[in-house]
Amino acid sequence: MENMANKVARIPNLVDWSTGEVRLMSAKCNSCGTYFFPREHYQHRPGCSREGVENVLLAGKGKLASYTIQYYPCPAPFKTEKKITPYGIGLVEFENEKIQVTGIIIDTDLKSLEIGMEMETTILEMYTNEEKQQVVTWAFKAVQ
Amino acid sequence: MRDVYIIGTGIHPWMGFSEQVFTDFAAVAVDGALKDANIEWQKIEAIMAGIFIYGGNAGHLSGQYLESIFGETGIPVVNVYNACATGSASIRMAYNSIAAGETETALAFGADVSPKGFLTAKSDNAVQDRDVIRWKMGGLPNPIYWALECRKRMEKYGTTEEDLALVKVLMSEYGSKNPHARFKKQYSMEEVLKSVYVCDPLRLYEICPVSTGAAAVIVTADEELISKADNPVKINATTMGSAIYGDPTIRISALSCPSVPEAPMLSESYSASRQAYEKSGIGPEDIDVLELPDNSSWHYLVYLETCGFCGDGEADKMLRDGETKIGAKLAVNPSGGFSSHGEALSAQALWQVIECTNQLRGRCGDRQVEGAKVAMAQTYGLMGNSGTTIMTV
């Protein structure tokens, strides 16, 4: 991905692009098998020893489990310099990790959205900060 | 455990944003409840107060602020917050304190002045408060969560846009007859279907806004007060539930949910309602009046299923066949629901209990459910909060 060095996530430890592929930063409990997103969103199975939680990256691609189109701008503290509204929000299912994650949908014809379609994790550039870095969040787009 | 009765209720009618302070609204509701119960303030032996989360220190100590208005008497005053199920927590604590014999008469109240515009994050710590992440990174106002679930429902059960609109048509008909309602205009199917999408498939008239309001309930086991009361209403059970591991619902403020269900949807409400059925010995088939949390048209449908009034995917047919109307075996939201009121966080669960109480006391005029003997109030709060109260006369 081009020029990722000049990008910074608005909140850290949620999205990783260091390998060249954009992936969500999850944690997995090796005792109860549950994946968490965000990492700190612990959701252990009752009775789990809670031992062996390790940081993992979710798969780069998943399937659209649900979606909506948001017709009014998201209020603060959301912030973007782009006119993204109306914007899509997807709930993307990562089958192996047995988890669904929400995210803004970009670079996709919103009319083409359909439950079950293949989506990939990507980056949405929201605004430029004082250090001239692009401040980003994670997003999803349809696999071309 | 002894029997506990509701002997007095009071409401400050629901309205939009106000410059007035929350205690002004609370005092109106509490005055109304004292008058309805025909008792003096000094008879109150405990206050279970709903926290007004946007009210700073005063809002977090709402019970103390209220007590000082009516006169401090040294009684226990406990403040509690369980999101939109806050009122369920306050009435449950009042009930338990009385049933256990600790207190004879207690007050449960909540008052909320809605902030202008949207409810947003209350801290700036993204590690401990995932609400910060959903706003800053997720672009996720509350109705999006409901729309995501609604879309799944439409795909799975064939719920139509007309079904979603029909909920509003029905709620607005009842709301127009309710003097406590904020929205009293009656809408046709065509008008609802022409309203703009907020988040597709949910339209403007199919989601509820935030409101200002206050509600107060006085409960007692004092036989003298019960005998003097106008149609006292027995609380058969008042319960609370939290979420169950493996609940597939995408919960407000979460960024993820399990994709393989191991628990029912809205498991906190499933849990609260099943606890109430077990404790009261009353089941869905016995209930005449149900007040459910219709934050959106999706909620109206799914809550009929979550609480066991029909099987999964059957609520749309119930609605279309008129089985949820006043006059049918089960009357759903004869108040006009949240659709006609909007949410006033700490007050709304008590307001639902009051509507049930008024129905059981035969006080509801044009929207009265004839012969109502058994009523149920069901709440829904974000992050796995829910309460169920079953009442009889």
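**A helix of chain B and its cover from chain A**

Let's start with helix α5 of chain B, residues 130-138. Eight of its nine residues are buried, so this helix is largely enclosed by the rest of the structure. Buried means under 20% relative accessible area, exposed means over 50%, and partly exposed lies in between, with a 1.4 Å probe and protein chains only. Helices are DSSP runs of H or I with at least four residues, strands are runs of E with at least two, and both are numbered from the N terminus.

A word on the source. This is a predicted model: local features need pLDDT of at least 70, side-chain atom pairs count only at pLDDT 80 or more, and totals for chains, interfaces and linings use all residues. Residues are numbered from 1 along each chain as its sequence is written, chains are lettered from A and ligands numbered from 1 in the order written, and side-chain values use heavy atoms, without hydrogens and water.

Back to α5(B). Which residues are buried there? They are B:D131, B:V132, B:I133, B:R134, B:W135, B:K136, B:M137 and B:G138. And what covers them? The cover includes five strands of chain A: β1 (7-9), β7 (87-94), β8 (99-105), β9 (118-128) and β10 (134-142). It also includes α6 (142-157) of chain B.

Now the ends. B:D129 caps the N-terminal end of α5(B). One of its side-chain oxygens lies 3.0 Å from the backbone nitrogen of B:D131. Just after the helix, B:G139 takes a positive phi of about 60°.

On to chain A. Zero helices, ten strands. From the N terminus, the elements run β-β-β-β-β-β-β-β-β-β. The radius of gyration is 16 Å, close to the 15 Å that the globule rule gives for 144 residues, so chain A is as compact as a globular protein of that length. That radius is taken over C-alpha atoms, and the rule is 2.2 Å times the number of residues to the power 0.38. Along the principal axes, the C-alpha atoms fill a box of roughly 45 × 40 × 30 Å. Of the 144 residues in chain A, 51% are buried. Contact means heavy atoms within 4.5 Å. Among chain A contacts with a separation of 6 or more, 53% join residues 24 or more positions apart.

Last stop: B:S90. Where does B:S90 sit? In helix α4 of chain B, residues 86-99. B:S90 is buried, with a relative accessible area of 0%. Leaving out residues up to four places away in sequence, B:S90 touches B:M48, B:V80, B:A108, B:F109 and B:L350.

Methods
Polar contact = N/O pair within 3.5 Å; in protein donor to acceptor, adjacent residues only side chain to side chain.
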